[in-house]
Amino acid sequence: MNKQLFRKELAQFQPYVPGKPIEEVKKEYGLTEIEKLASNENQLGPSPLAIEAVRKALDDIYLYPESTAVDLKVDLAAHLGVKTENLVIGNGGEELLFLIAQTFINEGDEVVVASPSFGIYNTTTGLLGAVVKTVPFKNKTYDFESFLEAVNENTKLLYICNPNNPTGNIVTEKELDHFLTKLPEDVVVVLDEAYYEYAVVDPDYPNSLKYLESRPNTVILRTFSKASGIAGLRVGYLITSEHIAAEMNKAKLTFNVNRLAQEAARGALKDQQHIARSVELNYKSLDAMKTFFDEEGLDYFESRANFIFVDVKKHSKEVFEALMRKGVIVRPGFFWGWDSWIRVSTGTMAQTEKFISCLKEVLKDG
């Protein structure tokens with residue numbers, strides 16, 4: 001019998017490549033200490049309230065978690081000023097992006113994404129048979145005029161990563177307002193705000209919740225993986241119209257967010273002082289790196305996230321490997337087609353200083 005065993009889309013499928021694991025680098029290079037500045041984790045760690053919430057929940061792990069994450073939804077709704085019916089809880093932002101694709105995409109539907117941006121947009125929709133239209137950056141930012149040109153009657157989803165990964169720059173409220181007035185209302189706009197807590201300190205950053213009132217076909221993604229420091233537990237959430245949330249909740253897995261993760265997120269949400277400390281440390285780390293880049297004459301994007309994208313004037317694979325030999329893991333830009341750029345996460349000041357010292361040596365080595 002001759003039949004196609006796998007989904008035909010897998011033949012052209014390019015899976016997302018995560019940052020290199022610490023243990024793998026230790027073994028490969030014979031190192032005992034590694035600074036992982038590749039995956040945009042919060043090096044300050046989680047709030048003590050999140051840790052305590054996990055400890056309290058441990059005795060109940062024989063029970064299935066609450067399938068609707070109702071307690072977390074109630075806390076989030078009060079924090080955000082929305083209804084629980086506006087929320088969808090997921091096993092991290094990545095699962096939610098799969099859920100968005102599963103909710104909306106039929107084979108042949110089109111989606112519009114920027115380049116460079118988060119590759120999961122392409123893979124989650126492309127795997128379901130969507131046609132992905134990629135719009136390159138122009139003058140270091142989203143080219144919204146070309147976005148509009150890419151939209152047609154088949155366009156189902158349009159993704160705006162804000163701040164953008166891997167570049168860290170933001171789309172301002174003025175820019176977004178102007179763009180959305182021109183975009184057809186039946187196109188679903190996904191505003192990926194995974195780094196929201198870092199970006200919101202910028203007065204030009206949009207208040208995306210206002211779009212839910214005027215534009216129901218809006219989906220906002222946020223997460224507890226970044227500023228809240230519980231990436232290992234995988235909790236994210238979507239804020240959207242009640243109609244879209246209801247359809248998404250039909251598609252999600254029944255017990256998708258585990259009991260410990262739900263409680264950790266509730267604990268993290270209560271500790272806004274920890275978020276503030278994380279944001280403060282983030283900008284100290286960014287400032288130190290930018291000072292070094294300026295001294296070395298290196299171009300970079302102005303970041304409002306917990307990472308920065310910089311042109312090191314050498315092939316990023318070479319710099320990536322040289323830094324790993326020195327015990328620092330970053331993300332090479334050739335993954336996005338930006339061969340001489342690297343993305344480096346912020347960290348403690350000690351980690352930041354080590355990165356700067358190591359990069360200085362790598363650049364001097366010619």
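Which residue's side chain meets that of Arg-304 in a salt bridge? The partner is Asp-202, at 2.8 Å from N to O. The notes below start from that pair. The model is a predicted one.

1. **The Arg-304 and Asp-202 pair.** Arg-304 is partly exposed, with a relative accessible area of 22%. Asp-202 is buried, at 12%. The cut-off for buried is under 20%, so Asp-202 falls below it.

2. **The Lys-290 and Glu-302 pair.** These two residues form a salt bridge, with their closest N and O atoms 2.5 Å apart. Lys-290 belongs to helix 12 and Glu-302 to the loop between helix 12 and strand 9, so this pair ties together parts 12 residues apart in sequence. Lys-290 counts as buried, at 16% relative accessibility. Glu-302 counts as partly exposed, at 39%.

3. **The network.** Both pairs belong to one network of salt bridges. Its members are Asp-202, Asp-287, Lys-290, Glu-302 and Arg-304. The count of salt bridges in the structure comes to 20.

4. **The Asp-177 and Lys-210 pair.** Here the side chains meet in a salt bridge at 3.2 Å, N to O. The pair links distant parts of the chain, 33 residues apart. Asp-177 is in helix 7 (residues 173–182), while Lys-210 is in the loop between helix 8 (196–199) and helix 9 (211–214). Asp-177 is partly exposed, with a relative accessible area of 26%. Lys-210 is also partly exposed, at 30%.

5. **The largest cavity.** How many cavities of 30 Å³ or more does a search of the whole structure find? It finds 2. The largest cavity holds about 80 Å³ of space. Its lining consists of Glu-41, Asn-42, Gln-43, Tyr-198, Ser-278, Leu-281, Asn-282, Asn-306, Thr-346 and Gly-347. Helix 12 (residues 272–296) gives the most to this lining, with 3 residues. By class, the lining has 7 polar, 2 nonpolar and 1 charged residue.

6. **The second largest cavity.** Its volume is about 40 Å³. Among the lining residues are Glu-66, Lys-73 and Lys-252. Others include Ile-89, Phe-255 and Val-257. The lining divides into 5 polar, 4 nonpolar and 3 charged residues.

7. **A nonpolar surface patch.** Which residues form it? They are Leu-5, Phe-6 and Leu-10, with about 350 Å² of accessible area together. Leu-5 is in the segment before helix 1 (22–29). Leu-5 is exposed, with a relative accessible area of 64%.

8. **Two cis peptide bonds.** The bond from Ser-115 to Pro-116 is cis, with omega near 5 degrees. Pro-116 lies in the loop between strand 3 (110–115) and helix 5 (120–126). A cis bond also joins Asn-165 and Pro-166, where omega is about 25 degrees. Pro-166 is in the loop between strand 5 (155–161) and helix 7.

9. **Positive phi at Asn-139.** Asn-139 is not a glycine, yet its phi is positive, at about 55 degrees. Asn-139 is in the loop between strand 4 and helix 6 (144–150). At 70% relative accessibility, Asn-139 counts as exposed.

10. **Positive phi at Arg-234.** Arg-234 has a positive phi of about 65 degrees, again without being a glycine. The residue is found in the loop between strand 7 (218–223) and strand 8 (236–240). Is Arg-234 exposed or partly exposed? Arg-234 counts as partly exposed, at 29% relative accessibility.

11. **Pro-136.** This proline is in strand 4 (residues 131–136). Pro-136 is exposed, with a relative accessible area of 53%. The cut-off for exposed is over 50%, so Pro-136 passes it. Val-113 is 23 residues from Pro-136 in sequence and 8.7 Å from it in space, C-alpha to C-alpha.

Methods:
Residues numbered from 1 in each chain as written. Heavy atoms only, no water. 1 Å grid on protein atoms, 1.4 Å probe; cavity = no way out; pocket = protein on both sides within 12 Å on 5 of 7 lines; lining within 4 Å. Points joined across faces, edges and corners; volume = space filled by probe spheres on them. Helix = DSSP H or I, 4+ residues; strand = E, 2+ residues; numbered from the N terminus. Nonpolar A, V, L, I, M, F, W, Y, C, P; charged D, E, K, R; others polar. Patch = residues over 30% accessible without salt bridge, like charges linked within 9 Å, V, L, I, M, F, W, Y side chains within 5 Å. Areas by Shrake-Rupley, 256 points an atom, 1.4 Å probe, with all protein chains shown as cover. Salt bridge = Lys/Arg side-chain N within 4 Å of Asp/Glu carboxyl O. Buried < 20%, exposed > 50% of the residue type's maximum accessible area, 1.4 Å probe, protein only.
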